[in-house]
Amino acid sequence: MSSSPQNQDQKLDQDQDQDQDEDQKQDQGQKQVRDRDQKREGKEVQSEKMNKEKEEEKESSNYFIYNPRTREFMGRTAGSWGRILLFYLIFYGFLAGMFSFTMWVMLQTLDENVPRHQDRVANPGLVIRPHAAEISFNRSDSTNYNQYIQQLHELLQRYNDSIQKRHDLCLVGEYTEQDEEPIKKVCQFKRSALRQCSGLSDTSFGFADGKPCVIIKMNRVIGLKPQGDPVINCTAKGNRPLQIQYFPSEGRLDKMFFPYYGKKAHPDYVQPLVAVKLFLTKDDLNVEQTVECKVQGSDLRNDDDRDKFQGRVTFRIKVSE
């Protein structure tokens, strides 16, 4: 049975539509393949470009260190490097020479024995040995005061009679002025002059008996010549009296030990000492006492509230059984 012409046309149209769909699918597949190929080619081109840039950078850095074509090192030729090094050599050499000349001129104005500007006050301070603001010990236990005894022995080593005999006997009560002398002499101050506080007859300096010795000295000041008759005077603060004995007698700082000419001009100089022996009674044991020592009898100041050590020194002492 034969189909009608209308059916044949419909079938033909369907076949044509199928052919168009297949063509479209093939076109889409080919387009996708082309897109993948283009992306792959783009990545390869970009990778090659990056590799080429890295090689160029590496080659450029190598050429910066040394360029064999221009014979440049670090961007400069040998002649250029020579000129710039010569310039800086002359420049810094000139600065060093100018600095050295300035220092030499300044040093010519200085005295090697006396500082041009003294930062110390004209009125010296007082210090004590043992070096402690509070001296506290048990007289029955030597381990409590051995450190104090050791400090006193160390201080008096330079005052040993065998050493002081090498120095000069000076006039008592007179300044030992020797401004024009190239070699400054040193006046004797023998350790034995401290008698009971010399550590010779009593090696414990009275600490074992509960009657300790305290040694007072005045700080060195170059050129100082105190007027009057300077002495050290100690008093106990409070209502409790305290018996004190001085060595040398009256706690005198003799003028013959002044002036001091500096460490370089006066290397063997020793300043005068005053030993203070505290006679503590049974009532004074286990009681803390405050003792103040001042330099008196001269023009040296001892009343400056801004400096508690100028011309004076204060310490506390407590002795227990």
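Glutamate 288 is partly exposed, with a relative accessible area of 40% (buried means under 20%, exposed over 50%, partly exposed in between, with a 1.4 Å probe and protein chains only). This is a predicted model, in which local features need pLDDT of at least 70 and side-chain atom pairs count only at pLDDT 80 or more, while totals for chains, interfaces and linings use all residues. Residues are numbered from 1 along each chain as its sequence is written, and side-chain values use heavy atoms, with hydrogens and water left out.

**Salt bridges**

- The model contains 11 salt bridges, each defined as a side-chain nitrogen of Lys or Arg within 4 Å of a carboxyl oxygen of Asp or Glu.
- Glutamate 288 pairs with arginine 316 in a salt bridge with an N to O distance of 3.9 Å.
- Arginine 316 belongs to strand 10 and glutamate 288 to the loop between strand 8 (273-279) and strand 9 (289-298), so this bridge ties together parts that are 28 residues apart in sequence.
- Arginine 316 is partly exposed, at 33% relative accessibility.
- Arginine 139 and glutamate 321 form a salt bridge in which the closest N and O atoms are 3.3 Å apart.
- Because arginine 139 lies in the loop between strand 4 (134-138) and helix 3 (146-156) and glutamate 321 in the segment after strand 10 (312-320), the pair ties together parts that are 182 residues apart in sequence.
- Arginine 139 is partly exposed, with a relative accessible area of 27%, whereas glutamate 321 is exposed at 54%.
- A salt bridge also joins aspartate 304 to arginine 306, at 3.4 Å from N to O.
- In that pair, aspartate 304 is buried at 10% relative accessible area, while arginine 306 is exposed at 78%.

**Aromatic rings**

- There are 13 aromatic pairs in the structure; rings of Phe, Tyr and Trp (its six-membered ring) pair if their centres lie within 6.5 Å, with planes under 30 degrees apart counted as stacked, over 60 as edge-to-face and the rest as tilted.
- Phenylalanine 137 and tyrosine 145 make an edge-to-face pair, with 5.7 Å between centres and 75° between planes.
- Both partners are buried: phenylalanine 137 has a relative accessible area of 3%, and tyrosine 145 has 6%.
- Phe87, Tyr88, Phe91 and Tyr92 are linked into a cluster by ring pairs.
- Lysine 225 sits over the face of tyrosine 175, 5.7 Å from the ring centre (NZ of Lys or CZ of Arg must be within 6 Å of the ring centre and within 35 degrees of the ring normal).
- Lysine 277 lies over the face of phenylalanine 279, at 5.8 Å from the ring centre.

**Glutamine 164**

- Glutamine 164 is part of helix 4 (residues 161-164) and is buried, with a relative accessible area of 0%.
- Leaving aside residues up to four places away in sequence, glutamine 164 touches Arg158, Tyr159, Cys187, Gln188, Phe189, Lys190 and Val270 (contact means heavy atoms within 4.5 Å).

**Overall architecture**

- The protein has 4 helices and 10 strands, taken as DSSP runs numbered from the N terminus (helices H or I, at least four residues; strands E, at least two).
- Along the sequence, these elements follow the pattern α-β-β-α-β-β-α-α-β-β-β-β-β-β.
- Of the 321 residues in the protein, 31% are buried.
- Among contacts with a separation of 6 or more, 73% come from residues 24 or more positions apart.
- The protein exposes about 21700 Å², with carbon and sulfur atoms supplying 50% of it; accessible areas come from the Shrake-Rupley method with a 1.4 Å probe, and for residues only the protein chains shown count as cover.
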